[in-house]
Amino acid sequence: MPKLELVNLRAGTDSKEILRGINLTINNGQTILLMGPNGSGKSTLAQVIIGNPRYKILSGKILFNNRDITNLPMETRVKMGISISFQIPPKLKGIKLRDLALEIMRRRGIENPLEKLKKYAELLRLEDFLERDLNVGFSGGEMKRAELFLVLLQNPAFVILDEIDSGVDVESVGILGKAIRSELQKNGRSLIIISHTGIIAKHVHVDVAYIMLRGKITCYGPPTIVLNHVLEHGFARCEKCEGICYVD
């Protein structure tokens with residue numbers, strides 16, 4: 001049974017169509033890598049899936065566990081188990097990371113919140129950040145680690161990680177990869193990992209890599225092959241692809 005299915009999805013803002021007919025299925029426990037140049041529609045797709053009201057669905061459907069969630073509000077989708085990380089995490093002065101973490105778990109009815117807080121803070125090396133205002137003075141890697149920390153505390157079934165490796169130092173990429181492997185992939189969650197560079201794919205298991213250009217998915221294939229193509233040729237060669245990419 002597919003966890004998430006996008007059926008001929010077209011969406012955009014009031015002034016512009018951005019997604020131009022997306023068909024995509026992510027099965028239970030599957031991790032996909034979504035790559036593409038800036039402005040290709042990757043983050044728009046993430047926001048449409050989570051239900052950001054800024055974006056309008058023009059046609060098509062979003063199915064989650066065979067339920068049509070196309071017109072459901074963001075809050076309902078989150079309660080159903082869909083979670084997303086920010087591409088550019090906000091800085092919240094006066095709100096400590098610990099307080100936000102505990103409030104998230106309270107609202108989600110998470111058992112043993114202090115135990116989970118300690119576990120994930122240690123895993124993501126955030127013990128010294130719990131009493132600090134969220135993302136204020138954090139480096140790029142620290143912000144992305146805090147983002148994943150808050151995602152894990154929600155105990156999601158389906159996770160969208162938007163540019164989780166963007167602007168992140170090498171050490172933090174390794175920490176993020178370890179947390180994704182141990183707490184999301186080993187526990188059977190489904191993931192969409194959006195990346196411009198694909199660096200995170202060196203640290204996690206990816207089942208399929210997809211390329212998005214100008215609001216459409218142009219090709220897909222084994223992640224190693226797709227990444228090698230992008231590293232060697234950039235995204236320009238993907239313009240000519242039609243379907244699956246097998247050639248190394």
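Reader: How large is the relative accessible area of Arg98, and is Arg98 buried or exposed, or partly exposed?
Author: This is a predicted model, in which local features need pLDDT of at least 70, side-chain atom pairs count only at pLDDT 80 or more, and totals for chains, interfaces and linings use all residues. Residues are numbered from 1 along each chain as its sequence is written, and side-chain values use heavy atoms, with hydrogens and water left out. Buried means under 20% relative accessible area, exposed over 50%, and partly exposed in between, with a 1.4 Å probe and protein chains only. Arg98, in helix α3, is therefore partly exposed, with a relative accessible area of 27%.

Reader: Which residues does Arg98 touch, not counting residues up to four places away in sequence?
Author: Contact means heavy atoms within 4.5 Å. Under the contact rule, Arg98 touches Leu117, Leu130 and Glu131.

Reader: Is Ala101 buried or exposed?
Author: Ala101 also has its place in helix α3, and it touches Leu117, Phe149, Leu150 and Leu153, leaving aside residues up to four places away in sequence. Since its relative accessibility is 0%, Ala101 counts as buried.

Reader: At what angle do α3 and α4 pack?
Author: Helices (H or I, at least four residues) and strands (E, at least two) are DSSP runs, numbered from the N terminus. Axes are lines fitted to C-alpha atoms, for helices over the stretch in contact, and angles run from 0 to 180 degrees between N-to-C directions. The axes of α3 (residues 97–108) and α4 are 10 Å apart, and the packing angle is about 130°.

Reader: Which residues of α4 are met by Arg98, Ala101, Leu102 and Met105 in α3?
Author: By class, this contact of α3 with α4 has six nonpolar, no polar and two charged residues, where Ala, Val, Leu, Ile, Met, Phe, Trp, Tyr, Cys and Pro count as nonpolar, Asp, Glu, Lys and Arg as charged, and the others, Gly among them, as polar. On the α4 side, the residues are Pro113, Leu114, Lys116 and Leu117.

Reader: Which residues in α5 meet Lys116, Leu117, Tyr120 and Ala121 in α4?
Author: The axes of α4 (residues 113–123) and α5 (residues 140–153) come within 10 Å and cross at roughly 145°. The α5 residues in this contact are Phe149, Leu152 and Leu153.

Reader: What kind of aromatic pair do Phe129 and Phe138 form?
Author: Rings of Phe, Tyr and Trp (its six-membered ring) pair if their centres lie within 6.5 Å, and planes under 30 degrees apart count as stacked, over 60 as edge-to-face and the rest as tilted. By this rule the count is three aromatic pairs. Phe129 and Phe138 are both buried. Their ring centres are 5.1 Å apart and their planes are at 70°, so the pair is edge-to-face.

Reader: What is the phi of Asn135, which is not a glycine?
Author: Most residues other than glycine have a negative phi. Asn135 lies in the loop between β8 (133–134) and α5, and at 1% relative accessibility it counts as buried. Its phi is positive, at about 70°.

Reader: In which strand is Asn8 found?
Author: Asn8 has a positive phi near 45° while being a residue other than glycine. Its relative accessible area of 38% makes it partly exposed. Asn8 is found in strand β1 (residues 2–12).
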